[in-house]
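Please read this report alongside the model, with the sequence at hand.

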Amino acid sequence: TVMTQSPDTLSVSPGGRATLSCRASRSVRTNLAWYQGKPGQPPTLLIYDSSARATGVSDRFSGTGSDTDFTLSISNVQSADFGIYYCQQYNDWPFISFGPGTRVDV
Amino acid sequence: QLQLQESGPRLVTPSETLSLTCTVSGGSVNSEVDYWGWIRQPPGKEMEWLGTVYYTGTSYINPSLPNRVTVSVGPATNQFSLTLSPLTGADTATYYCARADTESDPVFDVWGPGILVTVSS
């Protein structure tokens, strides 16, 4: 399953809202996760099952979608939210695939 | 608290074999609910799943890397490993090991810090 993401880059002002999109080449139901990546650090799991927040993740992060179209929203964007956000399908577990990422600049 | 740590060479020669090990602490590779994976990210490029292994030794490899990747449990207790060959410059990347807890959704929720491996002569 091929994952695509848009936009490539998103610039958001502090306090604003970011909306990131992820599309699967075929239905992955809700077996979709979102990760945040920062330079020099491993990715951090944010969302799984399309909309469930991982332990300790702020409720400013929310995920929606099913089948082929998914959205990650970040409300009240803060400077620490910069990074590259990746979606990843696990409908074909254990054969997983990542999207190319959306870079968020704050 | 579960922690993972990658180890291995940071500079390898083209055409040779890369061997990396992930050491698990605060948990057990022999857990019946956990799967152990390898993911890499070339500089400035996308993340790529390489393979995943279960404590029984059953492994799953990215079909885009036929006959190049092996993932296994060991060599020591609470370790799992990756081998990749033959190497080219395109294999220069940060390599991560990670855990997927299948008691919930099978997502990689714990990652090692990563190891940057450069393939160069």
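## Basis of the description

This is a predicted model, in which local features need pLDDT of at least 70 and side-chain atom pairs count only at pLDDT 80 or more, whereas totals for chains, interfaces and linings use all residues. Residues are numbered from 1 along each chain as its sequence is written, chains are lettered from A and ligands numbered from 1 in the order in which they are written, and side-chain values use heavy atoms, with hydrogens and water left out.

## Chain A as a whole

Chain A has 11 strands and 0 helices, where strands are DSSP runs of at least two residues (E) and helices runs of at least four (H or I), numbered from the N terminus. For 106 residues a compact globule would have a radius of gyration near 13 Å, and the 13 Å of chain A agrees with this; the radius is taken over C-alpha atoms, and the globule rule is 2.2 Å times the number of residues to the power 0.38. Along the principal axes, the C-alpha atoms of chain A fill a box of roughly 35 × 25 × 25 Å.

Of the 106 residues in chain A, 46% are buried, that is, under 20% relative accessible area with a 1.4 Å probe and protein chains only, exposed being over 50% and partly exposed in between. Contacts (heavy atoms within 4.5 Å) between residues at least 6 apart in the sequence of chain A join residues at least 24 apart in 56% of cases.

## Asp105(B)

Asp105(B) lies in the loop of chain B between strand E9 (93-101) and strand E10 (108-111). Asp105(B) is buried yet has no salt bridge, the nearest side chain of opposite charge being Arg29(A), 9.2 Å away; a salt bridge requires a side-chain nitrogen of Lys or Arg within 4 Å of a carboxyl oxygen of Asp or Glu, and Lys and Arg count as positive, Asp and Glu as negative, with His and the chain ends not counted.

The side chain of Asp105(B) does make a polar contact of 2.5 Å with that of Tyr90(A), a polar contact being a pair of N or O atoms within 3.5 Å, of which, within protein, one must be able to donate a hydrogen and the other to accept it, while residues adjacent in sequence count only if both atoms are side-chain atoms. Leaving aside neighbours within four places in sequence, Asp105(B) is in contact with Asn31(A), Tyr48(A), Asp49(A) and Tyr90(A).

## Gln41(B)

Gln41(B), in strand E4 (residues 34-41) of chain B, counts as buried because its relative accessibility is 17%. Its side chain makes a polar contact of 2.6 Å with the side chain of Tyr86(A), and a polar atom of the Gln41(B) side chain lies 3.0 Å from the backbone oxygen of Lys45(B).
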